[in-house]
Each structure stands twice: as C-alpha cells, then as structure tokens.
Amino acid sequence: MVSNTEGGKSFARRDRLLEIEAQVQKWWGEKEIFRADSLKTPPKPGERFFGNFPYPYMNGYLHLGHAFSLSKLEFASAYHRLRGANVLLPFAFHCTGMPVKASADKLSREIQMFGDPPIFPSTSEDQISDPDLELGEEVVENQGVAEKSKGKKSKAAAKASSTKFQWEIMRNYGLSDAEISKFQDPYHWLMYFPPLAMEDLKAFGLGCDWRRSFITTEVNPFYDSFVRWQMRKLKKMGKIVKDLRYTIYSPLDGQPCADHDRASGEGVLPQEYTLVKMEVIPPFPPKLRALEGRKVFLAAATLRPETMYGQTNAWVLPDGKYGAFEINDTDVFILSERAALNLAYQKLSRVPEKPSCLAELTGYDLIGLPLKSPLAFNEIIYALPMLSILIDKGTGIVTSVPSDSPDDFMALHDLKTKPVFRAKFGVKDEWVLPFEVIPIINTPEFGDKSAEKICKDYGIQSQNEKEKLAEAKKLIYRGGFYEGTMIVGEYAGMRVQEAKNLIRSKLLELGQAVVYSEPEKKVISRSGDECVVALTDQWYITYGEPEWKQQAEECLASMNLYSNEVRHGFEHTLSWLNQWACSRSFGLGTRLPWDEDFLVESLSDSTLYMAYYTISHLLQKGNLYGSDTSSVKPEQMTDEAWDFVFCGSPFPKSSDICPCVLRKMKQEFEYWYPFDVRTSGKDLIQNHLTFCIYNHTAILAKHHWPRGFRCNGHIMLNSEKMSKSTGNFMTIRQAIQEFSADATRFSLADAGDGMDDANFVFETANAAILRLTKEISWMQEVIEGESSFREGPSSTYADRVFANEINIAVKMTEKNYSEFMFREALKTGFYDLQAARDEYRFSCGMGVMNRDLLWRFMDVQTRLMTPICPHFAEYVWKELLRNEGFVVKAGWPEADTPDLTLKLANKYLQDSIVSMRKLLQKQVSGPKRADKIISSSAENRPTVGLIYVAEQYDGWKAECLKILQSKFNTETSSFAPDQEILEALQQSEIGQEGNFKETQKLCMPFLRFKKDEVIAVGVQALDLKLPFGEVEVLGENLELIKRQLGLEEVEVLSAADPEAIQKAGQYASLLNQNPPSPGNPTAIFLSD
C-alpha cells in the first residue's frame, strides 16, 4: 500500500479506494465471477459476448497505452455482462519475434562492453556512441514517471539524455543487479513478465477468465502445435510459398524485419526504382584513375524511366559523399554508401552483403564528368551540381529531364542564367549552355514542355522555391502518368501509363539499367540498426491473391467497424497488401513445420489465436506455459484433431484423446465463435487486423468469420505524447498506485473514443478520486437518514423531473455503451445523473426528498457506473445497498420511456430562472446615473416578481414562422435561399399590407434570428408554441422561483391580458421594450 501522506499531501481518499478494490477483487476471486463456460445449446443473439484484444509483447510492464485500448473491450464486456449476457474476455501474452530477444541481447552487449554489473560512461556522448545500444521507444520500457524538468535543455542534450541502457531500464523495474543479469536469457523474460502483467490487470479489475491465458512460442507446446497446424494448413492450401522478393531487412539480425520487429518505421515498405546506368566516358579524371579498364557508371535511381529520352545532364550534390563500388568483375557504380549497402543485399555487389568501395569521392569530384546515358537524345551529357539532392534518398545521383521535371527545369535555368553560380562550382559553359529542353511527353493541360509551363504559371523564379516546386511536381507527375502521351521514341503515340513498363523492361533487358529497392522511409530494427531492402529467398503468405482478397473484402463488408475512417483504412490496406514474409531465422517463436531452420514471425503466429482462446483452458488447465499435460498431451493434438475442433472435419478416429474432451473443445469453439469484437489501436489496421481477416476467411467457415473490430487512436498524457524517452510515461501499475484502479478507468473512459489521439488527464483521475469517495459518503448519509425522507409515490413536479432524468440516463447510457461511446456513457450515466440529483436536492428546498426516488437513483447510478468503476459499484451494491449477488451481473436497470416534453419543460424552467436571476442582479446592482428610475437602496430592494408569458406567436411573427416552415427541407436540414424566403414574405398577407420595405425591415431580423435558432436547437424552433404550458410550469414552481430569486411573492401573468399588464404600473413600458415570446418570459421586479 502506498503511504497515506506524501509531501504534505493526503492520499486518504485514494487509499480508501485501493482498500475497496482489494476487498472487491477478493470477493470476485472467491466466486470466480468472470469465469466463462459454454452451454450445450447454441446462444441466441445477445445471449453471449466474446471480445478480445491483441496480446501485448512481454518485454516490460504493461502501460497506459495498453490500458486505453484494452479499456474499450473491458467496458463493452462489462456492459454485456451487466445486462445478462454470458461474456468471455480472455487475455494472453505475446513472446514471439524480436522484442524480448532484442532486449536480452542488448543486455548481453552492455555486459560485454561495460562489465557485470556494468559501469557505464558518465558522459552522454560516450553513452550514445555505439548505435547498437540504441533502441526505439517501443522496446525501451522506462517505467519511471519523470518529473518535468523545470529548466530548458538544448535539443542535443535532450536527445542524449533520453537514450537509456537496457540495464538502467531494468533497474527502473526495481530489479537488483544480480537479478538483471538473468535477463540475458530471453526465456527468463517469459517467466518473469507475464505473471506480473496478470497481477496488474487483476488489480485493474479486468473481467478476464484467466484460466484461458497462455504465452506464445515453442515454450508453450500446445500453442506451438496450434501455430504449426495453422501454417501447415495455409501451405497445403497454396497460401504459403517460397519466393525471391524484396523485403525490409536488418543486417544486424541477418533476417527480414517485419512491422513488429521494428523500433521505428512501422508500415514502411520497399520502394522500387529503375537504376539507370550512366556510363562515364574515358579518359577518367585523376580521382578515378584507379578505375581505368573498368566500366564505370553514375547510377541514378528514377521512378520515371519513360522520361530518359529528354536527359540534358545528371545532378550530383557537391558536398555529398559518394563511393565507387564494385558491382561485379567489370562494372563499377558511383553512388552513395547507403545505396551501395542496399544493392549489396540485392545481389548487386561483388562481395555479397558487403559493399566493396574502390574509391571515396565527393560530388565535387564528379562535376563535369562526361556521360553516355541510355535513351538520351543527347549523345553526351555532363554531371552538374544541384544543392537540393537528398543523399539518403535514392542513390544521390539524379537524372535531369527539364521538359517534365520542374526541379530540373529551374536548376538548369539557374545554371544557364547565372555565370557566377557556374563559376562557383567550376562548371564550364559547354557543359550547360548548348543543352535545351527536349519535348518527350504531351499532356492536354500543359502541352509538351510541361515543366516550363507550370513554372511560369506558378511564378517560380528559382530552384530555392521548394514548396511551389513540390506542388508543381505533384501536379505534373500525376498529369503526365494518367493523361500524358509519348511523342518520341519507339513508343510514340502510346499513353505514358502503358509505355512506362515497356520502356523499363527494355532498359533492363539491354543491361542499361538494374532494379533497385530501398525502404520508403528510415526503418530502425529493434536491435538498433538501420534496415535495408534485401532480395531474399524465403517463405511468404500470399496476401493479395485475387480470390483470397475477394473473400477478405466480403468479410470486411459484413463487419461492424464503428467508424467510416476505420473502414477506409482497411479498404486501403486490402488494396495494396501483397505477399508477406512469414519466416525468420532469429528471435523467439514456433518453427516452420516443414523448414525448421526458420521461425514463424510475430505477425503471422497471431492471426487466428482468438479461436485458441475457446479451448486453451481445456488444453492447458489454467497453466500459462502449457506444462500441465494431465488432460491432453501436446502431441495428441494432431492436424486431424485441430481440424475437427475448428473446421468441422469428421471426428478423428485415430485420435487417442478422450472423445468427450474433444467434443467439449468443439462445443466451446462453436458456442463462442465468431468473436463479436476485437479492440485495438489504429496502427494495427495495416498489418495484424487485416491478416486476421485473411486467415479467418482461409481456414474457418463463413459463419465463423469475425463480426467486428473497434479501433482507437493513441493515448496522450496531459495533452503530450506518451513517450518512454521523455519520461511522459506511466505503466498500469503506476497508474493504479497513483490514482487507484477505478479512478484510472474513469479517466480512461473520459479520455476519448474516436480515431484521434485521446488524452489521459491526471487532473481528471484525481477529480474522480474525490467524486467517487464523496459519492460513497453521500450515500452513507442518505441511508443513515432514511427515516427523514418522504414516503410514497412521486407526487411533486421535482419528483417527476428527477424520475424522468433517471429514465433518460438509463436509455442514453445503454445506447452509448452499446455503441462503444464510453466518454458519452460516462457523461450520461454519471455526470448528467449527478447534476439531476443535485438539482433535485435544491428543487425540494425545505420540502423532503422522496425516499423511493433516492434509492432508485442510487441503484441506477451504481449499475450504470459498473462497467467503468466496477469496484466502486460492487462496494456500494453489497456494503451500502445491501443487495444479494454481484452488481457486475445484476442486470441492466429498467426504465420507463423518457418524457421528452417534461425534459424540455424543466430546461425552460431552469433557463428562465437563470435569465430572471441575471436581470434581478442587474437591477439590484444599482443605478449608473443619479436619475435612474429604479433605486437600489436596501429598503427598495425588489420583493415581488411579475412574470409575463406569451405562449404563442401571433400576428406578423406567426406569419414569418409559417413561411420558414414551408421553406425548410427536413431531409437536408436546410432552408431555401434567402431570395425565395423574401419572395414568400412579399406574397404573404403581411407583405401585401402597406409599405413592403417597412415590412421587410420589421420581419428580416426575426427571420434571421429564427433561422439561426433552428441551427442551434432544431426545427422545433419554428413552432408557434411550446409543447407544454408555460404558465402551468412556472405556476407549479413558484416556491422554487421565489427561493432562487430571493423574492417574497411571484405571480405568473399572461402578456395578452390587459388587466395583468396594468399590474406592472409604471414599468409596463418594459414589456414593449422586451416583449415576452414563447420560451422567453419577461420578468418585472417591484418593491413593496
């Protein structure tokens, strides 16, 4: 237990919640309240609910990012359990792949370098000198919630101080040096962290059936058997093939680097280029003399091989670092070292996977080299300087086609028109001035010199206008590809999109170009190295195969995704997703059954395991590691046994498993499947969740395909990105210790529900501690004072309003929970209900509140808050309300149909009181001038209120409303154009009377006001009268009005009654200045 005081601040309320949570969790555990078992009879719609969550990697403690996505599932499951459904919420732990292995290896490297225990360098510069020791954020588990530094640091210092050694990270877990050393063994992580994660989730109040929990990898023989069966099944169906393909690759790990093997760069794919070989014409300059006798090429990466006809030069970065790299026995490519490394892993290096550099060069060494380039109409072109080249994109060598590239056009223009610029880089006139733009492609919009035209249209004057050039480039490239026609070469007259691949194929076939690929963006592996693109021969799952893709699209179309944005994300992923490398040679996991040199990678062993949850408890007997084989042995789970359970195959007669056990497994699967929802962060749409769809459609029957995914954005802490490196980070364990579980859950519910990033606010969590504990105290007081409350049915206006607000809360909160709108559920089920209770207390005044209503309120609020704050609710249910059983299964509260007219009437009453109070305060505050009519002296303080009501519009206002009603389109919720409304006004009775300009001057402000009101409150703003009697509502609440305004007497009068107006005496003129209208009474205050 955390100490009760800290820094002079009391934590008694938080500690009280922690005590309650421990007590409630003990009750739940004793009765196995979250145990979920199938029934023999198939469930009817709504009778059962199965939701799941992507199992987290076990390379550290679970954090609030996990808790946020998981809370969506937890709240939904608790809601369905509360309303009476049989609910299954299982949870497992992912140990496959690189996260654990990378962290373990990092520890080993630190020990090798710095000792055991290590003595680290004191300076940040030394600390980050070894790139192998740097890990991306997802691997680094800095559990400390650091205080924000009050001083400012330089960016370099901040970056340096954010880098952590793995040993230090482990110390932050509270581990001793002797314990940390054990974590060099990756399997030790599997023994250590899953039980701790389970502890934290139990403390969080997760309604999980823990019997079904398990870890992955071959350590768990049952799950290992399941994954092997899945892989064999896919291979037998032809959906796993061996192929030579480009893939993101970690040189340090010596294997492909899939999304979840990466510290940064998730979702990045290989970008394929055509590498054009621009031959350097001898004799070579001194810097290249060592290359005499070899074929030397500047190697330029291009995405537009069809434009090579129009080359006028090549571009190099003057200060760029280049090298001359051996490709084979004859060819040498000049390009950047980074590009050479990629080529070396694509079988384009004399030494495989190791660039062989014959000469180190700079861009200055290359300027002026004469080149012979494929397809170019210019027989000889030259290498020229360009200052905007990115050396870490492509090869650092760029072809120049000024007819179709705005950047090339402006750079060449600058060199031609600025002799000083040429002189600065030693560029001779003959390398530049003779070369003119060569038209090669015609587009309808820009003609055959599209770059020149768009630069003129955009007013671009220099190559330094980067934003304009980027926009122009985007427009030109898109137009050239989709609408352009070749006007030169053997494919003249052909559309560019047809000619492009033909020209590329010709260049490759003639040996004038090679295929080159690199990551679209920078990718860092979990082991800390920068990834390349490698051409690897390995096993792939054939995602994207047309027939399979069609099945996936069919499944997606039937799913509930709760958001159009999410649906678009899946549709986009299905449009591009292709073969996926499913095997790895390094890490943890299950071996490929037919090729045991390889492991199944972490995004391929996690696509169907939701089905495994349904039977895991029968196989593993509640043991996380599958070491209890008393019921079934792993080797007994043959492919035939798995097929029988999951695929509807015949009973495996050869199986030696007890038939009753196998049939029980099948019953469990058939009862719980398909799952109803899987909650997840939106980042998994592009891989894991789409893979899940594919694998379900391939292996399971259509009626077992997934029903829904609920995706969310990431979580921020106090409006800043949650980041381990900055210290703005919190584990679930820390959050519970700091705030309690229920206050943490409260703040998670309040954080947000959409695809945008949500915000966990510490202030909200602290406020929840206060609210929950104060509510418990209030309920205790109410229960203790039970005899003082009024007995019998609801009889007063305040009773009726409060009862109605409870009914509204029940209905609205039910809708919000069912739609996964938990922030709204918190609002309608707690905040709004609390406000209604407080208003009821005030409305009753000296009168006594109704006992039955108060007990109904406590019952309903407790149930409505159960999904979000279950410990609080369970304690109230048992200890305060003295109910039998558990609130988590108490049933959704019943409620009458809400009376919306009564709600409107009460809003009218409360709004009117607020308006009258403001008017009275203004009057009481005293005159600003000596001749003010109403004196503010104490003896003349108003004691009488006259409230004038006009319950219906009449005359010209009624006519205006009828016009607006006729000109309002309910389908589009919009009005006809103003001119049409004006014409209708002119043709109306009031428009025909007298001077129309005067009528227009009178009516137009009212028409505009009412149109704006419709936008604000809805079409009911056009009604001639309210759906309730204003005089009746105000009259029934005179005591409340008197009490709230501090008056001795209040009278409600009709503004249409001349005798009533006479009562206002000298203030009757105020009724003309501010006449009442439906929904807006006018009050006049008098002194005795």
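The model is predicted. Helix H12 spans residues 406-417. Ala376 sits in a loop between two strands, E14 and E15. Helices H24 and H27 pack with their axes 6 Å apart.

**Helix H12**
- H12 has 12 residues.
- From first C-alpha to last, H12 reaches 16 Å, close to the 16 Å expected at 1.5 Å a residue.
- The buried residues of H12 are Pro406, Asp408, Phe409, Met410, Ala411, Leu412, Asp414 and Leu415.
- Those buried residues pack against strands E10 (313-316), E15 (381-385) and E16 (397-400).
- They also pack against helices H13 (419-424), H14 (450-457) and H15 (466-483).

**Ala376**
- The loop that holds Ala376 runs between strand E14 (370-372) and strand E15.
- Ala376 has 16% relative accessibility, so it counts as buried, because buried means under 20%.
- Beyond its neighbours within four places in sequence, Ala376 is in contact with Met308, Tyr309 and Gln311.
- Ala376 and Asp209 are 167 residues apart in sequence, and their C-alpha atoms are 69 Å apart in space.

**Helices H24 and H27**
- H24 covers residues 741-751, and H27 covers residues 822-844.
- The two helices pack at an angle of about 120°.
- H24 and H27 are therefore oblique to each other.
- H24 brings Phe746, Ala749, Asp750 and Ala751 to the contact.
- H27 brings Phe822, Arg823, Leu826, Phe830 and Tyr831.
- The residues of this contact divide into seven nonpolar, two charged and no polar.

Technical notes: Residues numbered from 1 in each chain as written. Predicted model: local features only at pLDDT ≥ 70, side-chain atom pairs only at ≥ 80, totals over all residues. Heavy atoms only, no water. Helix = DSSP H or I, 4+ residues; strand = E, 2+ residues; numbered from the N terminus. Expected span 1.5 Å × (residues − 1). Buried < 20%, exposed > 50% of the residue type's maximum accessible area, 1.4 Å probe, protein only. Contact = heavy atoms within 4.5 Å. Axes fitted to C-alpha atoms, helices over the stretch in contact; angles between N-to-C directions. Parallel < 35°, antiparallel > 145°, perpendicular 65-115°, else oblique. Nonpolar A, V, L, I, M, F, W, Y, C, P; charged D, E, K, R; others polar.
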